[in-house]
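Dear colleague,

I am passing on the structure we spoke about, with the sequence alongside. My notes come after it.

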Amino acid sequence: MPDDEQFPPAISDPASDEPVAGEGGAAFPIVGAGASAGGIEALKLFLGALPVDTGMGFVIVQHLAPERKSGLAEILARATKMPVCEVRDEPAVEPDHVYVSPPGRDMIIEGGRLRLLPPESHAGSRGIDRFFRSLAEDSGHLAIGVVLSGSASDGTLGLEEIKAAGGVNFAQDDSAQQDSMPRSAIASGCVDFVLSPEGIARELARLARHPYVAAEALVAEAGQPIHSAVAEIVRRATGVDFTHYKANTLHRRITRRMMLHRLETPREYEEHLRRTPEEVEALYQDILIGVTSFFRNPEAFDALARMVFPKLLAACAADEPVRLWTVGCASGEEAYSLAIVFTECAEAAGSAARLQLFATDVNARCIEKARAGFYPRSIAQDVPPERLQRFFTEEGGGYRIRKTIRERCIFSRHNVVADPPFSRLDFISCRNLLIYLEPVLQQRIVPLFHYALKPGGWLWLGSSESVGAGRGLLEAGGARPKIFLGPPRDRPPTPPRQAGPAGRVAR
């Protein structure tokens with residue numbers, strides 16, 4: 001990396017806990033309800049069936065053209081005794097209040113306050129996704145997503161992020177006048193309850209009384225012995241050990257499943273797991289759930305295209321491929337994003353270098369989806385039109401990665417802690433995995449990466465991660481984004497210690 005591209009080696013604490021979404025947001029649940037065509041009647045039924053004292057805040061996000069005057073707030077005010085207002089002055093959300101987005105504006109939530117923004121031009125009507133994503137980031141496990149009647153697929157990607165943050169999702173059942181939005185959400189697998197608008201209201205009233213929505217209960221009970229018993233049940237069924245998964249995160253996942261099954265105590269849930277094998281798989285999927293998208297954090301991909309991939313292309317031998325490894329690839333979006341950016345860089349450099357990209361995850365369901373390379377139309381929110389046209393084909397209501405990119409990516413099930421690593425790698429991407437693991441596992445994985453990289457290779461971590469105890473093994477090549485330069489060419493890597501069995505969690 002040229003001197004003028006160097007970043008200060010600002011290394012964060014590797015033992016720090018995962019980022020807790022919602023630290024700056026409201027301390028009570030916030031429900032985001034998205035609707036478009038046919039949604040007014042559903043919203044009236046929904047609000048009309050809600051008690052006025054749930055202690056939750058309610059934000060309604062709709063699709064309306066900027067030139068169209070909205071009377072939705074006035075209509076909904078007749079359906080509920082809660083205060084209802086159209087958002088104008090970016091208020092702080094209060095419990096037992098209803099807020100309605102105005103026409104022609106997107107809306108997000110930051111620090112518990114609603115902010116109005118111009119609609120994103122390249123994404124079409126994706127304002128519901130945009131709000132849900134901000135809600136997941138701001139409220140964490142206190143975020144609740146509701147998709148009601150509407151056309152297209154807006155809301156699906158946002159619900160995925162809410163579930164990844166530990167929140168709860170609802171979709172309207174076949175009572176929806178327009179069922180495209182609910183069907184898209186349900187098909188994604190991220191919806192917890194499929195109910196009528198009135199049924200959603202009744203379930204929310206029940207959730208309002210559950211310990212899961214009390215943040216202080218999560219902190220007070222984290223680390224209790226029941227976690228070891230649950231982890232052992234999951235290990236026996238799946239072969240993956242979550243003993244050294246961050247205790248607070250594991251507790252959130254367990255408590256979330258308790259809430260979904262109307263169970264009040266951890267002991268009740270442990271017995272439910274022992275009696276119900278399908279619930280063990282459901283908990284396993286909840287623990288592994290991770291948020292991913294195409295070109296997540298675009299500025300980081302820009303940095304790779306500017307500072308890293310040109311160096312790899314310049315240094316690669318004519319008879320050897322450039323080898324990349326994406327650890328915790330989830331459903332494949334990041335792996336394909338890396339392959340696309342690398343292809344663009346190679347063409348710009350006039351290089352004929354071959355790309356060999358290994359993408360791994362412990363979740364077999366994710367690997368199957370990644371191999372298929374098929375994604376919903378809503379990815380247009382994250383993929384610029386020129387890339388969408390060039391690297392995807394439209395097919396069956398969604399988009400499929402073109403074969404020229406798919407054939408460069410090798411997807412396989414792999415446990416980064418328990419299985420042997422790949423070797424002779426030029427680049428490793430491991431974003432937002434270490435933050436979910438206790439230091440004992442972090443200290444195993446960083447030396448493993450050092451061993452797997454070629455001299456002069458690169459490691460890419462998440463913004464809250466660092467090489468920590470392995471700082472002497474990997475020289476910091478960047479802090480924003482977290483790009484690290486691998487072992488020097490005159491120092492051979494040290495073989496890692498034998499990794500024992502341990503769990504791997506998706507990003």
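Predicted model: local features only at pLDDT ≥ 70, side-chain atom pairs only at ≥ 80, totals over all residues.

Three strands make up an open sheet, ordered β12-β14-β13, with antiparallel pairing. Its edges are β12 (374–376) and β13 (392–395), each of which pairs on one side only. On average, neighbouring strands in this sheet are turned by 35° against each other, direction ignored.

Between β12 and β14 there are three bridges, in the antiparallel sense. Tyr375 has Tyr399 in β14 as its bridge partner.

β13 pairs with β14 (residues 398–401) over four bridges, also in the antiparallel sense. Phe392 is bridged to Ile401 in β14, and Glu395 stands opposite Gly398 of that strand. The hairpin of β13 and β14 has two residues between the strands, and Gly396 there takes a positive phi near 50°.

The helix

Helix α9 covers residues 247–260.

How many of the residues of α9 are buried? The count is 12 of 14, so the helix is mostly covered, taking buried as under 20% relative accessible area. The buried set includes the arginines Arg252, Arg253, Arg256 and Arg257. Also buried are His251, Thr249 and Thr255, along with Leu250, Ile254, Met258, Met259 and Leu260. After α9 comes Arg262, with a positive phi near 60°.

Regards

Notes: Residues numbered from 1 in each chain as written. Heavy atoms only, no water. Pairing = 2+ DSSP bridges. Axes fitted to C-alpha atoms, helices over the stretch in contact; angles between N-to-C directions. Expected span 1.5 Å × (residues − 1). Buried < 20%, exposed > 50% of the residue type's maximum accessible area, 1.4 Å probe, protein only.
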